[in-house]
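Here are my notes on the model, point by point. Please read them against the coordinates.

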Amino acid sequence: MAKTKFRPLHDRVVVRRVESEEKTSGGIIIPDTAKEKPMEGEVIAVGPGARDEAGKLVPLDVKAGDRVLFGKWSGTEVKLDGQELLIMKESDIMGVVA
């Protein structure tokens, strides 16, 4: 994969969705039209952080390479270098998958 030349600002994070399984545990194949968009992704890039009330930079808790869970309607979908990515605030991320 080519390195994307995009740097998010402030407390924003760029996430690539992780494709979900195409079969259920019982072996039934789910067609594309019936699949929901996955709510899990991999962090591609992070901004430097937000500023607190005193103007001090507060770094983000997530870093590039983390697998994260986010809300169903979180973020803004964009297409960069032929990839479909999401740009969202760190507060839209619910947690990091270990």
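1. Terms first. Buried means under 20% relative accessible area, exposed means over 50%, and partly exposed lies in between (1.4 Å probe, protein chains only). The model is predicted: local features need pLDDT of at least 70, side-chain atom pairs count only at pLDDT 80 or more, and totals for chains, interfaces and linings use all residues. Residues are numbered from 1 along each chain as its sequence is written, and side-chain values use heavy atoms, without hydrogens and water.

2. Arg67 is partly exposed, at 36% relative accessible area. Arg67 forms a salt bridge (side-chain nitrogen of Lys or Arg within 4 Å of a carboxyl oxygen of Asp or Glu) with Glu40, with the closest N and O atoms 2.8 Å apart. The pair links strand β5 to strand β2 (residues 40–46), 27 residues apart. Strands are DSSP runs of E, at least two residues, numbered from the N terminus. Glu40 is partly exposed too, at 23%.

3. Lys89 pairs with Asp11, the closest N and O atoms being 3.5 Å apart. Lys89 sits in β7 and Asp11 in the segment before β1, so the bridge ties together parts 78 residues apart in sequence. Asp11 is buried, at 16%.

4. Lys63 bridges to Asp66 at 3.2 Å between the closest N and O atoms. Lys63 is exposed at 53%, whereas Asp66 is buried at 11%.

5. The largest nonpolar core has 10 residues, including Val13, Val68, Phe70 and Ile93. A core is a set of buried Ala, Val, Leu, Ile, Met, Phe, Trp, Tyr and Cys residues joined through side-chain atoms within 4.5 Å. β1 (12–17), β5 and β7 (83–89) each supply at least two of its residues.

Definitions and conventions. Helices (H or I, at least four residues) and strands (E, at least two) are DSSP runs, numbered from the N terminus.
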